[in-house]
Amino acid sequence: NTMAQLDSEVKEECLREDLKFYFMNPCEKYRARQQIPWKLGLQILKVLMVTTQLVRFGLGNQLVVAFKEDNTVAFKHLFLKGYSGTDEDDYSCSIYTQADTYESIFFAINQYHLLKNISLATLDYGENEDNRIGLKVCKQHYKKGNMLSSNETLNIDRDIEIDCVHLDLLTLSETAQAWKQSAFFRLEFYRLLQVEISFHLKGIDLQTIHSRELPDCYVFQNTITFDNKAHSGKIKVFFDSEANIEECKALNISGSTQKNTQYVLVFDAFVILVCLASLVLCTRSIVLALRLRKRFLDFFLEKYRRHVCDADQWEFVNGWYVLVIISDLMTIVGSILKMEIKAKNLTNYDLCSILLGTSTLFVWVGVIRYLGYFQAYNVLILTMRASLPKVLRFCACAGMIYLGYTFCGWIVLGPYHDKFENLNIVAECLFSLVNGDDMFATFAQIQQKSTLVWLFSRLYLYSFISLFIYMILSLFIALITDSYDTIKKYQQNGFPETDLQEFLKECNSKEEYQKEPSAFLSCVCCLRRRESNDHLIVIN
């Protein structure tokens, strides 16, 4: 019995020491066991490298976006007759007469034919889906019916027919332009739904040559749509251009080198290696923590005959490590995509941007963990953690009221107000009002065509603003303030102790492991800090 009791005490003391060492910060671990904080140094290095990688990728992505946008604007000026340079709402321009419709269609076709003589860009004709060079013109219309104007009746078959014609460069080169006189271009506007002109163009972005990189080659899939579905006397003209990056073939640029590209690829590979090392270390820490958690749960159940509370069990699951692992995985995948884009094997800039941008966000958020080792900075983390459950429950209740106002505003004010046209715009407008943005313009833009609707809009807007700004938003702030006050009192009087903390409190063996730290780490961060009044500074 004596040996068993001694063995049990040794296991308990060993468990207590392991637990206390696990919950130490990196500097305390170094003072206790001379364990160098590799993860801390690796995370600092990763923050610098990931940020540098993101900045370089963002600068290159800016050139790609600017090139696409500039080409889209140039195409609109080239192919849209009467384009003023400013889009009308969500479409490019409008047509109101039959003559203008024919002129606009023929203008776009002629501009395509004369492209190389009039365009300032390095453009060439591209092949469409049928591997043919030229224009594809399609028109949609109802099946032919009878339009009787004498008794003001309209007889139309609702089934839709689609007719298409392909105009190659040889056909467009005909001097008589016989294609204009074909029956295809005799439009019956009373049953016409839309006319669509589609063509492909090739372009090259030479901006990257200045940074000693290979240029990107683009294929622009352009579509001009003359929309007459409403039959309101107004044809809306839409222009859509989708740019795809492809590998440049037979590219010969004298005087340029690819050293810059090689250096970037090596740097990206090094970022991947650093993230892999961080991923392995954090995964190892989580595995060891789960093993330690199982040891503590088994011991507590065996000695005290009861289970550990959920709060103590979650203490072993380090959310920061989970965040770092997610960030590392996203950085690795994003870096691989970036290397493929740099090598001109892939063109998915959007997915790469999302992965690298989100991973960098998580990396910088993870820096808060190391600031939390200091009591003066830890108040933010503690307040967020304490207020999060109450804030989520409060937002769930307030969200129901918000959705109700969203649906109500959309269905009632949608026909009379630009900011209430669809659900997405209504939600954005109401969120702006909650933050006090653009209030007067929202009140003033309501159309006074209906006195009843105008009165309803005033009641709607006044009640929403009063309810959310003066009540709901104030309660939201009060929840966070209450959590901060609670944390402030705990810092003054001490935090309530859980079973885990009481168990660790009995450990007095920490000093046995302490050794004199090295001079370098002592000067940097690992000197034992004297007792200070940091919490008093925060409170005051």
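Entry 1: I started with the second largest cavity, which has a volume of about 40 Å³. This is a predicted model, so I'm reading computed values throughout. My search of the whole structure turned up three cavities of 30 Å³ or more.

**Entry 2: strand β5.** Next I went to strand β5, residues 192–205. Is β5 largely enclosed or largely open? Ten of its 14 residues are buried, so I wrote down that the rest of the structure largely encloses β5. Then I checked its pairing. With strand β6 (residues 216–227), β5 runs antiparallel, joined by twelve bridges. One pair I looked up there is glutamate 196, whose bridge partner in β6 is threonine 225. Strand β2, residues 123–125, also pairs with β5 in the antiparallel sense, over three bridges. Across that pairing, I found leucine 123 opposite glycine 203 of β5.

**Entry 3: glutamine 53.** Last, I picked a residue in helix α3, which spans residues 38–79: glutamine 53. Why does glutamine 53 count as buried? Its relative accessibility is 1%, and the cut-off for buried is under 20%. I also listed what glutamine 53 touches, leaving out residues up to four places away in sequence: Phe267, Asp268, Val271, Thr331, Ser335, Lys338 and Leu356.

Methods. Residues are numbered from 1 along each chain as its sequence is written. This is a predicted model: local features need pLDDT of at least 70, side-chain atom pairs count only at pLDDT 80 or more; totals for chains, interfaces and linings use all residues. Side-chain values use heavy atoms; hydrogens and water are left out. Helices (H or I, at least four residues) and strands (E, at least two) are DSSP runs, numbered from the N terminus. Buried means under 20% relative accessible area, exposed over 50%, partly exposed in between (1.4 Å probe, protein chains only). Contact means heavy atoms within 4.5 Å. Two strands pair if DSSP finds at least two bridges between them. On a 1 Å grid over the protein atoms alone, a cavity is a set of points where a 1.4 Å probe fits but cannot get out, and a pocket is an open set with protein on both sides within 12 Å along at least five of seven lines; lining residues have an atom within 4 Å of a point. Grid points are joined across faces, edges and corners, and a volume is the space filled by probe spheres set on the points.
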